[in-house]
Amino acid sequence: MSHGPRSGLTAVSSALLAMSRHLEVRDVLKTIVASARELLDAQYAALGVPDDHGGFAQFVVDGVSDEQWKAIGPLPRQHGILAAMLHEATPERLADVRKDPRFGGWPSAHPDLVDFLGLPIRDGDEVLGALFLANKNCPKPDGTCGFTQDDEELLGILAQHAAIALTNARLYERSRELTIAEERSRLAHELHDAVSQKLFSLRLTAQAATALVDRDPARAKDELHQVATLAAEAADELRAAVVELRPAALEEDGLVATLRTQIQVLDRAHAARVTFTGHGVKALPAAQEEAMLRVAQEALHNALRHSGAERVTVTLHRRGTATVLRIADNGGGFDPRTVRRAGRHLGLVSMRDRASGTGGRLTVRSAPGEGTTIEMEVPGG
């Protein structure tokens with residue numbers, strides 16, 4: 001087994017824990033590569049995820065500077081030893097990879113690789129990627145590989161856990177894609193229903209105004225005022241739908257900034273006053289931030305479209321060791337028990353699922369004529 005600076009059971013455990021903490025595929029790939037290079041004390045490490053066209057959908061390296069990576073050029077193709085690891089699914093341990101007959105096609109700016117250890121990352125019969133290390137940081141007598149059989153076995157253990165972490169990350173991203181598709185489908189139906197009704201009323205009112213222009217100009221004028229009102233409402237519906245269809249900039253801006261931006265636009269698009277206050281909240285895990293954003297969007301949708309509220313307030317704040325999202329309105333309110341008995345949920349089931357799915361909880365307080373308050377609380381922040 002490697003005798004580098006991070007050898008031993010503690011180092012292995014740290015590497016495996018680091019892989020399990022991430023849900024985004026790109027983050028998982030980076031963690032696998034960095035953990036493998038540090039654990040086996042190598043100068044370079046890389047991991048390639050193949051595509052279906054002879055190339056790599058993703059290729060992550062560690063030990064190469066940004067300047068070197070730019071100089072190397074486009075992503076490599078599936079050739080030589082990389083292709084062998086992917087197609088033959090066998091480990092490769094070489095004293096000098098440059099002397100292997102399969103070596104070739106490497107860009108001139110590519111760092112010199114000498115001793116080499118690589119193996120496939122597999123999930124059953126499916127090869128998810130190729131992981132390799134080069135240039136072991138240790139004395140190497142002529143003609144011998146710095147990587148040992150123990151190193152190969154250790155990298156094999158790491159690759160098995162990498163396969164689990166990568167599969168979980170892919171499933172997570174697919175579930176996010178399905179959630180986004182469901183959100184867009186819901187919004188498409190809402191857009192069709194709301195705007196179509198407004199446009200239908202607009203057309204009928206305009207026709208009535210046309211018929212009245214000659215025989216009753218005063219009534220025609222009233223109808224035209226109604227046309228203007230309906231047109232403004234239709235524009236509001238469209239603006240609100242466009243806001244919800246925009247992808248949330250959580251990764252770039254964080255939850256507080258994303259909520260503030262969306263609520264500012266909703267405040268302009270609707271007659272109700274919509275305000276946001278966020279303070280003392282640190283960054284949360286990506287899954288929690290996304291769940292909070294979706295709950296806020298669902299609660300705001302209910303408040304602005306169904307409650308008749310004149311004022312909606314959204315706050316994000318710390319409560320002890322937890323972070324709390326609160327959406328309150330002064331609308332008509334409802335009896336949650338009646339809603340459940342009637343089979344209508346107003347998105348409450350979805351909101352509760354999102355909260356519980358990230359280790360949090362959702363609280364709903366409402367009564368007819370007393371408005372509605374929805375709170376989502378998650379640990380951390």
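Guide: Begin with the elements: helices (H or I, at least four residues) and strands (E, at least two) are DSSP runs, numbered from the N terminus. This is a predicted model, in which local features need pLDDT of at least 70, side-chain atom pairs count only at pLDDT 80 or more, and totals for chains, interfaces and linings use all residues. Residues are numbered from 1 along each chain as its sequence is written, and side-chain values use heavy atoms, with hydrogens and water left out.

Visitor: How many helices and strands does the protein chain have?

Guide: The protein chain has ten helices and ten strands.

Visitor: How do I read the position of a helix against a sheet?

Guide: Two terms are needed. Contact means heavy atoms within 4.5 Å. Axes are lines fitted to C-alpha atoms, for helices over the stretch in contact, and angles run from 0 to 180 degrees between N-to-C directions. Here, H10 lies across E9 and E10 and runs at about 145° to E9. H8 lies across E6, E7, E8, E9 and E10, at about 10° to E8.

Visitor: What is the strand order in the sheet that holds E6 to E9?

Guide: Strands pair if DSSP finds at least two bridges between them. The order is E6-E7-E8-E10-E9, in an open sheet of five strands with mixed pairing. E6 and E9 are the edge strands, each pairing on one side only. From one strand to the next, the twist averages 10°.

Visitor: Which way do E6 and E7 run, and which way do E8 and E10?

Guide: E6 and E7 run parallel, joined by six bridges; Phe-276 has Val-314 in E7 as its bridge partner. E8 and E10 run antiparallel, with eight bridges, and Arg-326 is partnered by Glu-375 in E10.

Visitor: How is burial judged, and how many residues of E10 are buried?

Guide: Buried means under 20% relative accessible area, exposed over 50%, and partly exposed in between (1.4 Å probe, protein chains only). Seven of the eight residues of E10 are buried, so this strand is largely enclosed by the rest of the structure. Over the 381 residues of the protein chain, 43% count as buried.

Visitor: What makes a nonpolar core, and which residues have the most contacts inside the largest one?

Guide: A nonpolar core is a set of buried Ala, Val, Leu, Ile, Met, Phe, Trp, Tyr and Cys residues joined through side-chain atoms within 4.5 Å. The largest has 33 residues, and Leu-259, Leu-325 and Met-376 have the most contacts inside it. Elements that give two or more residues to this core include helix H7 (250-269), helix H8 (286-305) and strand E10 (372-379). H8 supplies the largest share, nine residues. Another core, of 31 residues, lies apart from it and has Ala-36, Leu-40, Val-60 and Phe-147 among its members.

Visitor: What does Met-376 touch beyond its neighbours within four places in sequence?

Guide: Its contacts include Ala-291, Met-292, Val-295, Leu-325, Arg-354 and Leu-362.

Visitor: Is Thr-205 buried or exposed?

Guide: Thr-205, found in helix H5 (residues 149-212), is buried, with a relative accessible area of 11%. Not counting residues up to four places away in sequence, Thr-205 touches Glu-223, Gln-226, Val-227 and Leu-230.
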